[in-house]
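Reader: I am new to this structure and would like a close look at one part of it. Please take the packing of helices and rings, and go through it step by step.

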Amino acid sequence: MNPKASFSCARFVILPAALLTLCGLSAAQDACPHRGQLDNAYCDANNDLVADLPTNKSKHRDPSTLVWAYTPVEDPAIYANIFKPFTDHLEKCVGKKTVYYPVQSNAAEIEAMRSGRLHFAGFSTGPTGFAVNMAGAVPFAAKGVGTEVRGYNLLAIVKSGSTFQKLGDLKGKKVAHTAPSSNSGNLAPRVLFPSFGLTPDTDYKPMMSGGHDKSILGVVSGDYDMAAVASDVFDRMITRGTVKKEDFRVIYKSATFPTSSFAYAHDLKPELASKLQQCFYSFRFTESMQKEFNGDDRFLPISYAKDWAVVRDVAEKSGTPYNKAAYEAESKREAEAAAAKRAAAASAEKKP
């Protein structure tokens, strides 16, 4: 217990019962034996790096309708149809109405879980850390095939007809990153590119595109000379026919990172959380889903502590740990970018 909190509450014993209740809640919160980088709303007494189930059973949630979302790594509307067979499966398997809710940004998705509007969700690799620490997300599954959890690579892509052959050739050029919290789209390039002769913010100023798909399309259009993108998104866009493989050249490929995590809210009733996991693991991807997700055919169990260790390491080394200050800065940047985009769209509509 925090001795200062304890002393402060003791001083005001003559105040109304409501304040005493607040003091009691504060003391109970401070009584958490271990929190790590989790927000003060959560506790990690067992040191597994994710939020514990609330000790007070009255705080365990068992909603009649489950709401979920998938990372806005591309246009969110695309995934509503892609995941429909899975959403239908969950509704039957769990026995609750299940609704897919498209989110427009990583910050919006994390805030939706933090506020209780999302009960489970698929988070992109980088933002998973913020979802865990700031929203009480508990990652439990990732896409895979057979018994293998599939990952992805950071790619540096250029136009096939360009003269760029290695990362060092991009000094002073137009290089796209995706968003500040993205692992492959921003954090990993900051850690990995310098040893190959290209240092972000020194050799070039990263241009935030707002998404992997936007970075890829920007290379094709000539808006960017090079883009740092996730290989799985790149492959999906080629499979869909959105872009042609022959229009690009890959000049850098990283080691493998874990792909998107699927996580449930830490305060779901244990029986519901367990049933949800069972229903994830029993689902087999439809043919269209396998095509969309590069051959992945199922969800497999993961551990945030183990499987996200390399991602946390990249975040720490890039100077953007998954703490509250970094999350608030990222949320502010996303909000400013969204406002600028709306303003640009409004301005374009006004032009004759």
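Author: What follows is a walk through helix pairs, aromatic rings and a few residues in loops. Keep in mind that this is a predicted model.

Start with helix H4 (residues 84-95) and helix H10 (residues 270-282). They pack at an angle of about 135°, and their axes are 10 Å apart. Angles over 145 degrees would count as roughly antiparallel. H4 and H10 are therefore oblique to each other. Their crossing is right-handed. Which residues meet here? On the H4 side they are Phe86, His89, Leu90, Cys93 and Val94. On the H10 side they are Leu272, Lys275, Leu276, Cys279, Phe280 and Ser282.

Now take helix H5 (residues 106-114) and helix H6 (residues 127-135). Their packing angle is about 30°, with the axes 9 Å apart. Angles under 35 degrees count as roughly parallel, and H5 and H6 are therefore roughly parallel to each other. H5 passes H6 in a right-handed crossing. From H5, the contact uses Asn106, Ile110, Met113 and Arg114. From H6, it uses Pro127, Phe130, Ala131, Met134 and Ala135.

Histidine 119 is found in the loop between H5 and strand S3 (120-123). Is histidine 119 buried or exposed? Its relative accessible area is 6%, so histidine 119 is buried.

Next come the rings. A pair of aromatic rings is described by the distance of the centres and the angle of the planes. The count comes to 32 aromatic pairs. Phenylalanine 83 and phenylalanine 86 form one of them: the ring centres are 6.3 Å apart and the planes stand at 55°, so the pair is tilted. Edge-to-face would need planes over 60 degrees apart. Phenylalanine 83 and phenylalanine 86 are both buried.

A second pair joins phenylalanine 196 and tyrosine 252. Their ring centres are 5.1 Å apart and their planes are at 65°, so this pair is edge-to-face. The pair links distant parts of the chain, 56 residues apart. Phenylalanine 196 sits in the loop between H7 and S8, and tyrosine 252 sits in strand S10 (residues 248-258). Tyrosine 252 has a relative accessible area of 11%, so it is buried.

The charged end of arginine 312 sits over the ring of tyrosine 304, 4.9 Å from the ring centre.

Last, the backbone. Most residues other than glycine have a negative phi. Two residues here go the other way. Aspartate 201 is not a glycine, yet its phi is near 75°, a positive value. Aspartate 201 lies in the loop between helix H7 (183-192) and strand S8 (207-208). With a relative accessible area of 52%, aspartate 201 is exposed. Leucine 49 is not a glycine either, and has a positive phi of about 75°. Leucine 49 is found in the loop between helix H2 (17-30) and strand S1 (65-70). Its relative accessible area is 31%, so leucine 49 is partly exposed.

Definitions and conventions
Residues are numbered from 1 along each chain as its sequence is written. This is a predicted model: local features need pLDDT of at least 70, side-chain atom pairs count only at pLDDT 80 or more; totals for chains, interfaces and linings use all residues. Side-chain values use heavy atoms; hydrogens and water are left out. Helices (H or I, at least four residues) and strands (E, at least two) are DSSP runs, numbered from the N terminus. Buried means under 20% relative accessible area, exposed over 50%, partly exposed in between (1.4 Å probe, protein chains only). Rings of Phe, Tyr and Trp (its six-membered ring) pair if their centres lie within 6.5 Å; planes under 30 degrees apart count as stacked, over 60 as edge-to-face and the rest as tilted. A charge sits over a ring if NZ of Lys or CZ of Arg is within 6 Å of the ring centre and within 35 degrees of the ring normal. Axes are lines fitted to C-alpha atoms, for helices over the stretch in contact, and angles run from 0 to 180 degrees between N-to-C directions. Angles under 35 degrees count as roughly parallel, over 145 as roughly antiparallel, 65 to 115 as roughly perpendicular and the rest as oblique. A crossing is left-handed if the near helix is turned anticlockwise from the far one by less than a right angle, and right-handed if clockwise. Contact means heavy atoms within 4.5 Å.
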